[in-house]
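Trainee: Could you walk me through this one before I set anything up?
Mentor: Gladly; have a look at it, and then ask away.

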Amino acid sequence: MNVINLTLDDSHAEALAQFCKRSFLDRVRIFSASEAEARQMVDAIHELRHALAEAGFAPR
């Protein structure tokens with residue numbers, strides 16, 4: 001496991017939370033070299049979305 005610290009202002013955190021909310025496998029595939037890599041990307045985005053929600057940035 002890695003711990004990554006990131007400092008964002010509220011507008012950037014909200015924008016990133018929106019991006020995470022809207023990032024699905026079908027949208028990520030075009031950026032990946034394989035289906036497995038696409039799934040890893042989506043899993044990582046899910047973890048980021050969870051961390052943003054814990055910090056108070058959870059768009060509906």
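Mentor: One term before we start: a contact here means heavy atoms within 4.5 Å. Please also keep in mind that this is a predicted model.

Trainee: What does the C-alpha trace span along its principal axes?
Mentor: The C-alpha trace spans about 35 × 25 × 15 Å along those axes. The accessible surface of the protein chain comes to about 5000 Å², with 56% of that surface belonging to carbon and sulfur atoms, and of the 60 residues in the chain, 20% count as buried.

Trainee: Switching to pockets: what volume does the largest pocket have?
Mentor: Its volume is about 530 Å³. Of the 16 residues that line the largest pocket, the closest to its centre are Ile4, Leu6, Glu47, Leu48 and Ala51.

Trainee: Which helix gives the most to that lining?
Mentor: That is α3, which contributes 4 residues to the lining of the largest pocket. Helices α1, covering 10-22, and α3, covering 35-54, each supply at least two residues of that lining.

Trainee: How do the lining residues divide by type?
Mentor: The lining of the largest pocket divides into 11 nonpolar, 3 polar and 2 charged residues.

Trainee: Let's do the loops. Where is Ser23, and is Ser23 buried or exposed?
Mentor: Ser23 is found in the loop between α1 and α2, the latter being 25-28. Ser23 counts as buried because its relative accessible area is 11%, and buried means under 20%.

Trainee: Which backbone oxygens does the Ser32 side chain reach?
Mentor: Among them is the backbone oxygen of Arg29, which lies 2.9 Å from a polar atom of the Ser32 side chain, and the side chain of Ser32 also reaches the backbone oxygen of Ser34 at 3.1 Å. Apart from neighbours within four places in sequence, Ser32 is in contact with Glu37, Ala38 and Met41.

Trainee: Now the glutamates. Where does Glu35 sit, and which residues does Glu35 touch?
Mentor: Glu35 lies in helix α3 and, not counting residues up to four places away in sequence, touches Leu25 and Arg29. The C-alpha atoms of Glu35 and Leu25 are 9.0 Å apart in space, while the two residues are 10 residues apart in sequence.

Trainee: What about Glu14, what is it in contact with?
Mentor: Glu14 is found in helix α1 and touches Phe57 and Pro59, once residues up to four places away in sequence are left out. Glu14 and Ala53 are 39 residues apart along the chain, and their C-alpha atoms are separated by 9.8 Å. With a relative accessible area of 31%, Glu14 is partly exposed.

Trainee: Last one: where does Leu8 lie?
Mentor: Leu8 lies in the segment before α1 and is partly exposed, with a relative accessible area of 33%. Not counting residues up to four places away in sequence, Leu8 touches Ala13 and Leu16.

Notes
Residues numbered from 1 in each chain as written. Predicted model: local features only at pLDDT ≥ 70, side-chain atom pairs only at ≥ 80, totals over all residues. Heavy atoms only, no water. 1 Å grid on protein atoms, 1.4 Å probe; cavity = no way out; pocket = protein on both sides within 12 Å on 5 of 7 lines; lining within 4 Å. Points joined across faces, edges and corners; volume = space filled by probe spheres on them. Nonpolar A, V, L, I, M, F, W, Y, C, P; charged D, E, K, R; others polar. Buried < 20%, exposed > 50% of the residue type's maximum accessible area, 1.4 Å probe, protein only. Areas by Shrake-Rupley, 256 points an atom, 1.4 Å probe, with all protein chains shown as cover. Polar contact = N/O pair within 3.5 Å; in protein donor to acceptor, adjacent residues only side chain to side chain.
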